[in-house]
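Dear colleague,

I am handing over the structure we spoke about, and below it you will find an account of what was found, arranged chain by chain. Please read it with the coordinates open beside you.

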Amino acid sequence: MNEQSLMEEMQKALGTKVAEAASAGPRRIFVRVEPGDLFATVKYLRDRFNFTHLSTITGVDRTDAFELLYHLANENCILTVRTRISRTEPVIPSLTPVIPGAVLYEREIQDMFGIKVEGIPDSRPLLWSDDWPEGNYPLRKDWTFERRPENIPGEGQ
Amino acid sequence: MKVTIPIGPQHPALKEPISIRLSIDGEIITGADLRLGYNHRGIEKLAETKNYTQNIYLVERICGICSHSHTTCYVQGVEKLMGLEVPKRGLYIRTLIAELERVHSHLLWLGVAGHEAGFDTFFMYTWRDREVVMDMLEIISGNRVHYAMNTFGGVRRDITDMQKKKMLDLLDLLRKRTAYYLSIGSTEPTFVARITGVGKLPPEKAVSLCAVGPVLRASGIPRDVRKDDPYAAYADVPFDVCTFDTCDVLARVVVRVRELVESYRIIEYLLLNLPAGEISVKAPRKVPAGEVVSRYEAPRGENIHFIKSNDTDKPERLKVRAPTLANYPATLEMLKNSFIADVPLIFAAIDPCICCAERMVELNSRGGAREVVSMSQLRKMADAFYKKAGLKKKAGTWPL
Amino acid sequence: MKKIIQWSRIKSPWILHLNSGACNACDIEVVATLMPRFDVERFGILLKATPRHADVIVCTGPVTRQMKKRIIRIYEQTPEPKFVVAVGACAMSGCVYRGAYNVEGGIDQVIPVNAYVPGCPPRPDAIIDGVVKLLKSLETKPAGRKEKKKDE
């Protein structure tokens, strides 16, 4: 089943849910949906085309909104489902009922961007140290940090 | 009794910061949990401040064992954005280094698995032979780890005929030694007994928890990025995807040993069929805007990079997901209903590369009492437990 | 008596290998020194699993935020006299990770270091050379030299 026929069938089945679909080369498809339709789209892709493997979830900070890309894979191609959510109130439903292995990636975007994932089975931070101050989301474009002054031993002698 | 295992030297080989907390009920583990953070270095944020060429060196140092996998995945993606066509000879050399890295990583892992199963002589043997592979890599690239062979448009160094001949000789030596290891399993019943039936992961769970690499293939599922999504020279090279279907640690050992043998075949094919020509093309400094998803089959599983560019010389976003992170949920599943004595072995069997991913496992048990046990104590407990139990009555057979 | 202790410490140091967020390349090279090709065990250098038995702490990796407290704790658990060898460019100054938000810098930002072994990663021969140079420097100094601890 090549990319063209896959996209056609998907658009026929999901109709208006799919805002745009494009093939970026052999074995690569990019699809855009609204956050509300994300769950239904992934469920359809998993059941119909065997996209059971979620490679990872990428978060991108486009300064006007957050974009989330879900990279799904089956034996033939990688389909990336992208969706945009608001930057001021970032909320997205969890995919764990459909793909249980998504939980770690969702915890990671929670830490890195401050996105709230609804329905996640385990919402503890994934990567922070015990003394990480609340409210700091490093991968946001407007997040900066002060570098500690370095202490070079032997200098000044 | 709540058993807490603190950070400390975990592997004899790779003392990476790990913290494990187990919940146990008697000898059996009832629950497991994860906590990461010790190895988090903030590479994704740092990559946005460096230009594309500097990022090759940054990405290489995500991991010391699978360094070539991260650079190749990154360079492949950026080459697609730049619209470059790498010459055949460059692709072959890239693939050659990739397979040598796979051999070195599997030999390293075999040694560690032997050590965890109480078989230290095996550990010393495999690491001695690993030095042969490091020699081969040093002949080509000049360094034992962090080879830095990739550049945009191809590779940086070429292989001369004399180097080719030396590598073929060393490959023969490696093959003889590996044949010896294959025979060890059949003559060493305690080794096979120790690893059979441990850490079971049924195929449906492996798929739904998104496991990757040898862990997935050890549950009988033939997914391999080199076949599903061929990159570099893999479309030209004939090889098989190795699976095994007993879903336990024995299967993982068998899959990796079979992959070793396949890798020798691939390396020989590449060396004998190396096409003539250029090894690289010139690359532009600025990368046109676009997005690309790049995948690679690292020794531990599927490595995926996502790069977004914005027509400058620095990337807009670089996302890296290393294979071991994907195997964590599967590990937690494996640890449930196992004996404590098997924890070091199960954990080692997924071939953890913590610097790639960072992990912590936490288990909670009924009762509430707490005890702090270090990993080396666990290993001693495991050895004592198995010595007392004697040979398992129903030991599996060595299938090779 | 002091001379005998000093001599045994120099002739056969026990090592603790501490990884504080490294990429593992330096760690593989440290372990490779124990493997049959380089084999430092024949010289009496033993790799120990606990800080309480160690004479020399071999550190790799840049210091991440989470590891900072653990490194200080392990350093304090090691009995005097103790020596720290920073192996690799990361342990010296942070290597490529300098400036990252979760990385403090080299090991000497957290604990005092006696010897630095440069390289990314340093070859096992270079690591052995570094440890040997450290031990030689002990022979010329009197026993029981104390290091000033850094406050953090």
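If one takes the contacts in chain A between residues at least 6 apart in sequence, 48% of them join residues at least 24 apart. Please keep in mind throughout that this is a predicted model.

To stay with chain A for a moment, the chain has 3 helices and 7 strands, and read along the sequence these follow the pattern α-β-β-α-β-β-β-β-α-β. The radius of gyration of chain A is 19 Å, well over the 15 Å that the globule rule gives for 157 residues, so the chain is more spread out than a compact globule. Taken along the principal axes, the C-alpha atoms of chain A fill a box of roughly 75 × 30 × 30 Å, and buried residues account for 37% of the 157 residues in the chain.

A compact globule with 152 residues would have a radius of gyration near 15 Å, and the value for chain C is 15 Å, which agrees. The C-alpha trace of chain C spans about 50 × 40 × 25 Å along its principal axes, while buried residues make up 50% of its 152 residues. Of the contacts in chain C between residues at least 6 apart in sequence, 81% join residues at least 24 apart.

Within chain C, 5 strands form an open sheet in the order β2-β1-β3-β5-β7, with parallel pairing. At the edges of this sheet stand β2 (46-48) and β7 (115-117) of chain C, each with a single partner strand, so one side of each is left without a neighbour in the sheet. From one strand to the next the twist averages 30°. Strand β1 (residues 14-19) of chain C is joined to strand β3 (residues 56-60) of chain C by 5 bridges, the two running parallel, and in β3(C) the bridge partner of Ile15(C) is Val56(C). Helix α2(C) packs on the sheet, where it touches β1, β3 and β5 (83-87) of chain C, and its direction makes about 145° with that of β3(C).

Is that helix, α2(C), enclosed by the rest of the structure or left open? Since 8 of the 8 residues of helix α2 (residues 25-32) of chain C are buried, the helix is largely enclosed by the rest of the structure. The buried residues include Asp27(C) and Glu29(C), together with Ile28(C), Val30(C) and Val31(C).

Turning to chain B, the chain is divided into domain 1 (2-39 + 329-389) and domain 2 (44-324). The contact between these domains takes 24 residues from domain 1 of chain B and 31 residues from domain 2 of chain B. On the side of domain 1 that touches domain 2, the elements that give two or more residues are α12, α13 (343-349), α14 (354-357) and α15 (375-389) of chain B, and α13(B) gives the most, with 5 residues. The residues of that side of domain 1 divide into 17 nonpolar, 2 polar and 5 charged.

Chain B also meets chain A, with 24 residues of chain B in contact with 26 residues of chain A. On the side of chain B that touches chain A, at least two residues each are supplied by α1 (43-47), α8 (203-208), β7, β8 and α12 (323-335) of chain B, and the largest share, 4 residues, comes from β7(B). By class, that side of chain B has 10 nonpolar, 4 polar and 10 charged residues.

Strand β6 (residues 290-298) of chain B is joined to β7(B) by 9 bridges, and the two run antiparallel, forming a hairpin with 2 residues between them. In this pairing Tyr296(B) stands opposite Asn303(B) in β7(B). Another 5 bridges join β7(B) to strand β8 (residues 317-321) of chain B, again antiparallel, and the bridge partner of Phe306(B) in β8(B) is Lys319(B).

With best regards

Terms used
Residues numbered from 1 in each chain as written. Chains lettered and ligands numbered in written order. Predicted model: local features only at pLDDT ≥ 70, side-chain atom pairs only at ≥ 80, totals over all residues. Pairing = 2+ DSSP bridges. Rg over C-alpha atoms; globule rule 2.2 N^0.38 Å. Buried ≥ 20, exposed ≤ 12 C-beta atoms within 10 Å, placed from the backbone. Contact = placed C-beta atoms within 7 Å. Nonpolar A, V, L, I, M, F, W, Y, C, P; charged D, E, K, R; others polar. Domains from an automatic or database assignment. Axes fitted to C-alpha atoms, helices over the stretch in contact; angles between N-to-C directions.
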